[in-house]
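Dear colleague,

Please find below the structure that I am handing over to you. My findings follow it.

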Amino acid sequence: MRNNFGMANTLVESPFQWLQHIERLTKQQAKGLPRQLKVEKIWRGIAFRLGKTYLVTHIQEI
């Protein structure tokens, strides 16, 4: 079973590598979009595993 990011639900590598994969995909999808000159806010989060489930949450939720 695959998710919207083109990867299987279980991570083959690490949560960090999964986030890097998501970043690459979003940059590919953003090609041709106008460049944003002013960035309003940076989202900060953490990826972790609970049993066999991989999760990502906002850093303030920890």
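The chain has 1 helix and 2 strands, where helices (H or I, at least four residues) and strands (E, at least two) are DSSP runs numbered from the N terminus. Along the sequence, their pattern is α-β-β. The model is predicted: local features need pLDDT of at least 70, side-chain atom pairs count only at pLDDT 80 or more, and totals for chains, interfaces and linings use all residues. Residues are numbered from 1 along each chain as its sequence is written, and side-chain values use heavy atoms, with hydrogens and water left out.

Helix α1 comprises the 16 residues 15-30. Its C-alpha span from first to last is 23 Å, close to the 22 Å expected at 1.5 Å a residue (1.5 Å times one less than the number of residues). W18, H21 and I22 of α1 are buried (under 20% relative accessible area, with exposed meaning over 50% and partly exposed in between; 1.4 Å probe, protein chains only). These residues lie on the same side of α1 because they cover an arc of only 100° around the axis, taken from the directions from the helix axis to the C-beta atoms. F16 and K27 are exposed on the face turned away from that buried side. After α1 comes G32, with a positive phi near 90°.

Strand β1 (residues 45-50) pairs with β2 in the antiparallel sense over 6 bridges; pairing requires at least two DSSP bridges between the strands. I46 stands opposite T57 in β2. The two strands, β1 and β2, form a hairpin with 2 residues between them, and G51 in the turn has a positive phi of about 65°.

Yours sincerely
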